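This report goes through one structure, from its ligand to its pockets, a sheet and some backbone details. Please look at the sequence and the model first.

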Amino acid sequence: MAFELEALIRPNILRLKPYSSARAEFSGKAEVFLDANENPFPKPLALNRYPDPLQKQLKKEIAGIKKVRPEQIFLGNGSDEAIDLLFRIFCEPRVDNVLTMPPTYGMYQVSADIADVEVRKVSLIPELFQPDVDAVLERADARSKLLFVCSPNNPTGNTMEVEKVASLLRAFSGMVVVDEAYIDFSDQPSWLDRLEGFPNLVVLQTFSKAWGLAGMRLGMAFAAPSVIDWFNRVKAPYNLNALTQSKALEYIQDVEGSREQGSTILAERGRLWKQLEALPFIEKLYPSSANFILVKLPEAEKIYRYLMEAGVIVRNRSQVELCENTLRITIGSRSENERLMALLSAWGVKPAAEKV
Ligand SMILES: *Cc1c(COP(=O)(O)O)cnc(C)c1O
């Protein structure tokens with residue numbers, strides 16, 4: 001069965017005549033710009049001018065680092081913008097549906113709810129947190145447009161088995177979105193390597209985690225150029241501001257620096273793992289390919305509040321299905337992790353009557 005992208009796109013989007021910005025229509029060299037009603041008086045960083053709508057320079061740099069072509073890249077205001085656009089491009093409200101595999105990242109559901117699109121949930125296999133491929137394919141139908149695969153998965157921390165994801169890519173008739181927000185903490189290869197082989201693959205990555213730039217709000221989607229074309233048609237014309245573009249160009253020069261921070265975080269993850277393992281009241285630690293560890297422990301709720309009162313905030317995932325009595329702990333700096341461990345050790349020797 002040949003893959004036909006246009007068959008998946010919403011009819012109104014197929015018909016859309018995109019907004020054509022002044023900057024997008026012009027690509028040569030000019031000296032006088034009287035086309036965009038800008039203020040002619042220079043501001044630092046040329047902020048009196050509209051930014052490049054397609055972020056060509058930044059995409060060129062990212063393409064070099066990621067070993068893809070610039071036409072395979074969409075850049076947005078966080079990966080969240082890419083997720084939102086996927087719904088707007090592919091999902092007809094109240095008609096189409098998407099599939100998620102909980103426990104997973106909460107934004108897929110939120111974006112679906114905002115777009116008024118049905119979410120079909122097929123739980124990961126308990127404890128292993130791997131996709132139940134047959135169950136996913138069974139729930140999918142002709143109106144299933146997106147399947148979200150988060151790998152490494154948030155909040156469980158594991159990567160999804162390559163063969164399972166490949167089976168989903170081959171058999172699912174919609175787009176398979178592999179969210180790799182944590183890929184730089186993993187020793188598994190990125191699905192970017194397989195982009196050419198799967199026309200229905202969209203890979204999401206972000207500058208928010210390993211790059212240490214969550215405040216910048218810069219996310220990436222990678223896909224076939226034909227898919228990226230639709231992103232470009234539907235996105236706001238100037239979706240990335242000039243400050244983000246220029247700062248990103250600056251930070252991206254320091255690939256080594258962010259790799260080093262990544263290794264430090266991985267070393268801290270190893271240390272924290274050993275220390276958590278030694279606490280007698282910890283029930284289970286889930287192996288992590290990300291910058292956090294999911295921890296199963298009795299009285300997670302109480303420990304969560306105890307830590308909070310002491311000024312240390314972790315993520316309580318106890319209400320999430322298949323994650324009863326768990327906390328998700330982000331790997332911090334050495335001193336932050338030590339503060340956490342001191343509190344957890346003190347909890348271990350607290351008399352039961354004081355554990356409220
Ligand atoms: C943190 C995270 C993101 C990043 O979102 P941004 O909008 O790029 O900050 C994406 N997906 C998952 C699973 C995450 O945990």
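## Terms and basis

A polar contact is a pair of N or O atoms within 3.5 Å; within protein, one must be able to donate a hydrogen and the other to accept it, and residues adjacent in sequence count only if both atoms are side-chain atoms.

This is a predicted model, in which local features need pLDDT of at least 70 and side-chain atom pairs count only at pLDDT 80 or more, while totals for chains, interfaces and linings use all residues. Residues are numbered from 1 along each chain as its sequence is written, and side-chain values use heavy atoms, with hydrogens and water left out.

## The ligand

A ligand nitrogen atom is 2.7 Å from an N or O atom in the side chain of Asp179. The side chain of Thr206 has an N or O atom 2.6 Å from an oxygen atom of the ligand, and a polar side-chain atom of Arg217 lies 2.7 Å from a ligand oxygen atom. Taken alone the ligand exposes 390 Å², and the protein buries 94% of that (accessible areas come from the Shrake-Rupley method with a 1.4 Å probe; for residues, only the protein chains shown count as cover).

## Pockets and cavity

Both terms rest on a 1 Å grid over the protein atoms alone: a cavity is a set of points where a 1.4 Å probe fits but cannot get out, and a pocket is an open set with protein on both sides within 12 Å along at least five of seven lines; lining residues have an atom within 4 Å of a point. Grid points are joined across faces, edges and corners, and a volume is the space filled by probe spheres set on the points.

The largest pocket holds about 470 Å³ of space. Of its 21 lining residues, Ile65, Lys66, Ile183, Asp184 and Arg259 lie nearest the centre. Helix α10 gives the most to this lining, with six residues (helices, H or I, have at least four residues and strands, E, at least two; both are DSSP runs numbered from the N terminus). The second largest pocket has a volume of about 320 Å³. It is lined by 15 residues, and Arg23, Phe26, Ser27, Gly28 and Phe33 are the closest to its centre. The largest cavity has a volume of about 70 Å³, and its lining includes Ser151, Glu180, Ile183 and Trp191.

## An open sheet

Four strands form an open sheet in the order β8-β9-β11-β10, with antiparallel pairing (two strands pair if DSSP finds at least two bridges between them). β8 (284–286) and β10 (315–316) stand at the edges with a single partner strand each, so one side of each is left without a neighbour in the sheet. Three bridges join β8 to β9 (residues 292–296), and Leu285 stands opposite Val295 in β9.

## Backbone details

Pro102 and Pro103 are joined by a cis peptide bond with omega of about 0 degrees. Pro103 lies in the loop between β2 (97–100) and α5 (107–115). Another cis peptide bond joins Asn154 and Pro155, with omega of about 15 degrees. Ala46, although not a glycine, has a positive phi of about 55 degrees.
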